[in-house]
Amino acid sequence: MNQTLSVIPNEPAITPELIAQHGLTPEEYERIVKLLDRTPSFTELGIFSAMWNEHCSYKSSKVHLRTLPTEAPWVIQGPGENAGVIDIGDGLAVVFKMESHNHPSYIEPYQGAATGVGGILRDVFTMGARPIACLNALSFGDPKHPKTRALVAGVVAGIGGYGNSFGVPTVGGEVRFDRRYDGNCLVNAMAVGLAETDKIFYAKATGIGMPIVYLGSKTGRDGIHGATMASAEFGADAEEKRPTVQVGDPFSEKLLLEACLEIMAKGCVIAIQDMGAAGLTCSAVEMGAKGDLGVTLDLDKVPCRETGMSAYEMMLSESQERMLMVLKPDKEKEAEAIFRKWGLDFAVVGETTPSKRFVVRHGGAVVADLPIKELGDEAPVYRRPFTERGKQAEIDPASVKAPVGIAEVLEALIGSPNLCSKRWVWEQYDHVILGNTVQRPGGDAAVIRINDGPKALALTADVTPRYCEADPFEGGKQAVAEAYRNLSAVGAKPLALTDNLNFGNPERPDIMGQFVGCVRGIGAAARALDFPVVSGNVSLYNETNGRAILPTPTIGGVGLIDEFTRSMTMAFKSEGEAILVIGGTRGWLGQSLYLRELCGREDGAPPPVDLAVERRHGDFVRSLIRDGLITAAHDVSDGGLLVALVEMAIASGIGAVLEAPSEVPAHAFWFGEDQARYLVTARNVEPIMERAKAAGVPVTPLGATGGALVSISGERPLRVADLKQRFEAWLPAYMVGSH
Amino acid sequence: MKSAVVVFPGINRERDMARALRLASGREPAMVWHADTALPAGTDLVVIPGGFSYGDYLRCGAIAARAPIMDAVRGFAAKGGLVLAICNGFQIACEAGLLPGVLMRNAQLRFICRDVYLRVERSDTPFTRGYNAGQVIRVPVAHGEGNYIADGETIARLESEGRVLFRYSSPDGMIDPNWNHNGAMNGIAGIINERGNVLGMMPHPENHVEASMGRTDGRGLFAGLLDHFKVAA
């Protein structure tokens, strides 16, 4: 074997420079040589770099991810497969995951974002689920940065271009702006699918001598080294990496979906894995490694878009809309006929073997012969050193400058980039296709009916990165708690979450400290709220020229509603109803938007999250919704009480008359970002107060709905119509270059 | 009412349409594959649903218009059979020569998904008999190429022959550029052919047919068609 490999012609010699270009450290290379007991071939080096990069191996994050709670009686499949799976009763399962496509989207916004959506959709339907909804969480740089506007336009068009054509409603998410994303935007895409609990498909291959089948689009020279690119910081040469970005074809993906679901229904499939990062390499190795089997591939059988592709290029191509499957041998003909019907490529490209070796042939010669376990699930694992940031000082609300008037602050905040309406974005996404969208974008959580009902799913994506930077542990907790609140506010029982952890360079101890702290916080909250982590993705090296993004662990939450017609919305329903705030208000201004937008300060400790209180208040709000005691509910988060209240007013066109309690300074009361709070409206307050007392939940009356104004005693009243105008105006005006 | 829904690769609103037809008529429509050459015997209504047939590559609807099944659809229409073509279906019908004009990129050059208001111009057609003339309905749109354009002569004929059935309007029925999201000429959202048996429209009435989901403004179209066939039978 050594001899065969050493005589393959036309391959570059393995030099330290070549090793470094492949993102492998000298130590990792030593390990490869030791494993093989020889020098790897060029193709083998490429395969190792694809499998052992951060993106595919999770080598820096693995030891910490293992601490997350991943189990509950309703969890069918936790992390480690293409997506997580939970049981929602009636023989149905929800399959979901969120994944980043940050670096590609920065380099080529439209295709980067589009293929991010394509990748996450494949993860979901690979498991046998029909996608029923998508969400996304987008972080862009300062609106004034010269690249920001084009990135927003390209990313949004790309997400829409893929999802709209594929035919899945894109129903929710978040969009933020912060100068810390100037050189490195974040595009996190989440897909949710529906499957039957007894028809879930996995990547684990079983059986020896089984045919391995290549399905979908042809392999081209696009996306080579995409995963390696995603595992390194950006320098000034980021633009030159454009050839590593793939090009999406949602039409082929739609055909692939229909063909895959059809052959799954016909019982043809033993194992299936989509070709995502590191394409053919990663999918083949994972199928074999998970099944403790070897895999032999014959690259001469792989359908190619162009001639003369080398083994190296074929193994590292990230061409989109491709799948690898192990089929039942007696169903091969039937499966092939289905794929031909859909006009897709179908080729037997290899087989499973008993050897636990990953053998690749090309042009009649063996070009790689590697131990499959070490390549796959036994990749290097690092315990990187980390330093945790000390606690920030708490900010006394009384020490923060009071504004000229509450009305002025409200006007400024509601029209600010981070709090304004994101309608310009979500109107470019088809959010009504499939006819099951109960609550459209713009609310706390989207609500999607399951088939013809009565059940529905609530879906949300949340994180507050500035909290995470100030205190990673509290910030991690808060991201989970906010997702929990958003689901509870529409009346859904939170069931499980997916996490998309976006951080800087883990080789820097302070960044690693952010990661470790956030993961600990997520774990603590997920445990306390019975809200397990069932899937996720880690994106590290989000840095440009040594400057890291804000730590951004996006949480995608899924909750269940028993009766979709009873889901709760945030809009005021009629005049003369009582407005109540559930949860205590100390007026926490540390890391608030008030402090940042009005005082130009980004300091202080973020609001602490008391998980027992979160749970109690969430249970309380859901019980009020279930028993029909409230008419509207809204989570209180960024911007505090008054911003949340005005969002309820804008959603309905109905105003409010408000009174602030005097013990907290007015600006801290209205704009503080204390956690575990909800705003609700009710026609009858008595039963709520009684329940609250019994449950130990603080409930404070704030006033009543009515009129066309939002008026606070002693402050200048504001017309709801004017607030709405400010709320809606910023983003469209920004996108046409007006400011 | 026996309906047949034509499915091209890349069509994606066929399930929405099938549900609306099922709810209206109580029977499942037949799903007809693009490569078929005949419609099911006894078909009353052919529906070309929304989506991105063939990825909308080349030009929206251009490839689908040349699919094998379209000869059967053209033959069906030529004999007076009713054809309902929605969104991508409208684009396909224009490309297939069943309807005049063309659907260009939206004036703002962006895909737009939102509820819009439509003024129903006539109630004396099989497609609109479930509505009153002048009634305003609210239904969603979801398209990037819905900007209806035709030459002056064609527009004049469409108008003089009363072939515009739906027009984008304000909530109180005024034709106003501020309520025309895609820039379509004369606010045209839906037209019929000369014979009046082929309707093409951009909005999606099939997405507003269930009271439990919030709105039922799209139901009139399906209820009207059902009535039409009941009366005919």
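Biologist: How many salt bridges are counted between chain B and chain A?
Modeller: Between chain B and chain A the count is seven salt bridges, a salt bridge being a side-chain nitrogen of Lys or Arg within 4 Å of a carboxyl oxygen of Asp or Glu. This is a predicted model, in which local features need pLDDT of at least 70 and side-chain atom pairs count only at pLDDT 80 or more, while totals for chains, interfaces and linings use all residues. Residues are numbered from 1 along each chain as its sequence is written, chains are lettered from A and ligands numbered from 1 in the order in which they are written, and side-chain values use heavy atoms, with hydrogens and water left out.

Biologist: What makes the pair Arg449(A) and Glu210(B) a salt bridge?
Modeller: The closest N and O atoms of Arg449(A) and Glu210(B) are 2.7 Å apart, and because the limit is 4 Å, the pair counts as a salt bridge.

Biologist: Which elements of chain B supply the side that touches chain A?
Modeller: At least two residues each come from α1 (14–25), β6 (112–120) and β7 (136–143) of chain B, where helices (H or I, at least four residues) and strands (E, at least two) are DSSP runs, numbered from the N terminus. The largest share, five residues, is supplied by α1(B). In contact terms (heavy atoms within 4.5 Å), 28 residues of chain B meet 32 residues of chain A.

Biologist: How much area do chain B and chain A bury between them?
Modeller: The two chains bury about 2,400 Å², 51% of it on carbon and sulfur atoms; buried area is the accessible area (1.4 Å probe) that two parts lose on being put together, summed over both. On the side of chain B, Arg19(B), Cys113(B) and Met213(B) lose the most area to chain A, together 24% of what that side buries.

Biologist: Why are the buried residues of helix α2(B) said to be on the same side?
Modeller: The buried residues of α2 (residues 69–78) of chain B are Ile69(B), Met70(B), Ala72(B), Val73(B), Phe76(B) and Ala77(B). They cover an arc of only 155 degrees around the axis, and therefore they lie on the same side of α2(B); the arc is that of the directions from the helix axis to the C-beta atoms. The face turned away from that buried side carries the exposed residues Asp71(B) and Ala78(B).

Biologist: Why is Glu351(A) called partly exposed?
Modeller: Buried means under 20% relative accessible area and exposed over 50%, with partly exposed in between (1.4 Å probe, protein chains only). Glu351(A) has 38% relative accessibility, so this residue counts as partly exposed. Glu351(A) is placed in strand β11 (residues 345–353) of chain A, and although Met210(A) is 141 residues away in sequence, the two C-alpha atoms are 5.3 Å apart.

Biologist: How do you know that the side chains of Thr585(A) and Arg677(A) make a polar contact?
Modeller: A polar contact is a pair of N or O atoms within 3.5 Å (within protein, one must be able to donate a hydrogen and the other to accept it, and residues adjacent in sequence count only if both atoms are side-chain atoms). The distance for Thr585(A) and Arg677(A) is 2.9 Å, so the pair is a polar contact. Thr585(A) itself, at 18% relative accessibility, counts as buried.

Biologist: What is noted about phi in Asp90(A)?
Modeller: Most residues other than glycine have a negative phi, and most peptide bonds are trans. Phi of Asp90(A) is near 55 degrees, a positive value in a residue other than glycine, and at 62% relative accessibility Asp90(A) counts as exposed. Ala676(A), not a glycine either, has a positive phi of about 60 degrees, whereas its 5% relative accessibility makes Ala676(A) buried.

Biologist: What kind of peptide bond joins Gly453(A) and Pro454(A)?
Modeller: The bond between Gly453(A) and Pro454(A) is cis, with omega at about 5 degrees, and Pro454(A) is placed in the loop between β15 (446–449) and β16 (456–462) of chain A.
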